[in-house]
Amino acid sequence: MLYLVGGFLKPTSGSIRLHGRPITGPGPDRGIVFQRYSLFPWLTVRGNIGYGLQEKGVPRKERSRIVDEHVRLVHLEGFEDRYPRELSGGMQQRVALAQTLACQPEILLMDEPFGALDAQTRRLLQDELRRIWRRDTKTVLFVTHDVEEAVALGTRIVVMSARPGRIKEVLTRGFDVSDGDEFETIPEFSALKLRIWKSVKEEVEAVRA
Amino acid sequence: MRLLPLVLLLTTWQLASSSGLLPKSVLPPFADVASILGKLLASGEIFPHTAASLARAGAGFLIAVVGGVALGLLMARVRAVQRAIEPILLLIYPVPKTALIPLFMIWLGIGDFSKVTVIALACLLPVVVATFNGARSVDDMLLWSARARGTSERRLLWRVVLPAALPQIAAGVRTAIAIAIIVLVSSEFISAETGLGYLIFSYGGVGADDAMLAVVIYLAVLGYLLDRFYLAGLRRLMSWHAFAH
């Protein structure tokens with residue numbers, strides 16, 4: 001689904017439109033963050049974040065300003081001249097996020113971007129993403145296998161059915177998740193988490209049976 | 001410490017000669033070879049030959065690198081080119097290029113032109129194969145990521161495919177350096193008046209085995225140094241890549 005919106009795959013039937021225009025291929029209006037290993041190993045943090053701007057033909061000075069801004073946004077000050085192989089997995093994903101945001105996409109597509117990270121790093125990056133999302137109020141399409149991640153980040157949560165992958169149900173999160181960790185104690189949080197998990201569990205069991 | 005195996009080998013060689021185990025007619029003592037090498041260096045006699053050889057090998061090598069990278073990239077990106085070139089390459093690959101030297105001399109004359117051509121052809125193959133494999137095995141993630149960030153299909157080649165293939169290309173070029181020296185010497189065996197291969201051949205022809213071996217050792221050291229310089233240069237220029245060696 002994410003790759004259809006991204007324009008990497010073609011729909012088997014029907015069409016996908018963004019602001020009325022059909023999607024024909026990948027483009028910078030839809031920024032995508034992959035699971036991992038999507039940074040260019042031959043470019044520094046600075047080079048990676050500025051990649052899309054350079055492709056767009058943004059002049060050097062302007063580019064440098066935007067890159068600096070995004071380095072600060074994902075807290076990577078001091079690592080500007082490092083290469084991806086010198087960074088931890090969490091830092092690499094932060095660079096990938098900054099690389100995508102620097103292109104100013106209309107929609108942010110995220111394919112399990114924190115799935116390969118350890119639990120602590122994942123939690124911190126979720127907080128960062130929520131903070132950035134609040135600031136920009138951009139649409140984010142976020143794919144995850146982690147129910148808690150879905151509830152902690154999503155305002156609308158779509159449960160997909162197991163093979164064939166179709167939309168099973170769409171739930172709206174009726175309460176706000178603030179930037180702190182207080183949401184853990186909200187009763188509705190646990191209730192929604194359980195509600196979604198039961199729905200997902202049905203699918204997992206259906207495949208297994 | 002790294003030189004220990006080498007020192008052991010040379011000591012064994014020298015001991016075998018001085019003890020009479022190894023007659024002079026079979027292998028001259030290392031001490032004799034070393035002293036002749038010293039004379040060749042001190043008199044400066046060997047340097048014009050070195051320059052002539054390096055010019056030939058360097059020209060062939062450079063043509064091979066430029067042509068090989070271009071051809072390898074083209075093969076990886078354009079199916080028709082791959083279909084047309086691949087069978088020819090695979091057929092030429094196992095042919096000992098030195099065996100083609102007489103043929104090239106008939107076609108291109110006995111001068112430097114035919115020598116450079118043979119060296120270029122021999123060096124071309126590892127570069128093409130490495131570039132092709134490198135360009136074909138570029139991670140889809142990188143191509144997708146670049147396209148999603150606005151890179152057109154045409155620019156993809158320069159922005160992603162070439163840099164991503166560089167580590168493999170670098171390995172192919174390293175092989176080409178060794179091949180350049182091997183083919184160079186063979187090409188200078190036949191019809192040359194300068195060059196290290198010519199020196200080896202002419203000393204060998206008059207039975208000066210110690211002088212012949214001196215030039216061979218000189219060539220080995222030269223090749224070793226070229227390889228070291230190349231690797232050191234790579235580490236500097238491609239610090240983004242973790243080299244295994």
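Modeller: Helices (H or I, at least four residues) and strands (E, at least two) are DSSP runs, numbered from the N terminus. This is a predicted model, where local features need pLDDT of at least 70, side-chain atom pairs count only at pLDDT 80 or more, and totals for chains, interfaces and linings use all residues. Residues are numbered from 1 along each chain as its sequence is written, and chains are lettered from A, ligands numbered from 1, in the order in which they are written.

Biologist: What joins β6(A) to β7(A)?

Modeller: A hairpin, through 6 residues.

Biologist: Why do you say that strand β6 and strand β7 of chain A pair?

Modeller: Two strands pair if DSSP finds at least two bridges between them. Here β6 (residues 156-160) and β7 (residues 167-172) of chain A have 5 bridges, so they pair, in the antiparallel sense. V159(A), for one, has E169(A) as its bridge partner in β7(A).

Biologist: Where are the domains of chain A?

Modeller: Domain 1 is 30-143 and domain 2 is 146-209; the bounds come from an automatic or database domain assignment. Their centres, taken over C-alpha atoms, are separated by 26 Å.

Biologist: What makes A209(A) exposed?

Modeller: A residue is buried if 20 or more other C-beta atoms (placed from the backbone) lie within 10 Å of its own, exposed if 12 or fewer, and partly exposed in between. A209(A) has 5 other C-beta atoms within 10 Å, so it is exposed. A209(A) is in the segment after α8 (187-208) of chain A. From F183(A), A209(A) is 26 residues away in sequence and 35 Å away in space, C-alpha to C-alpha.
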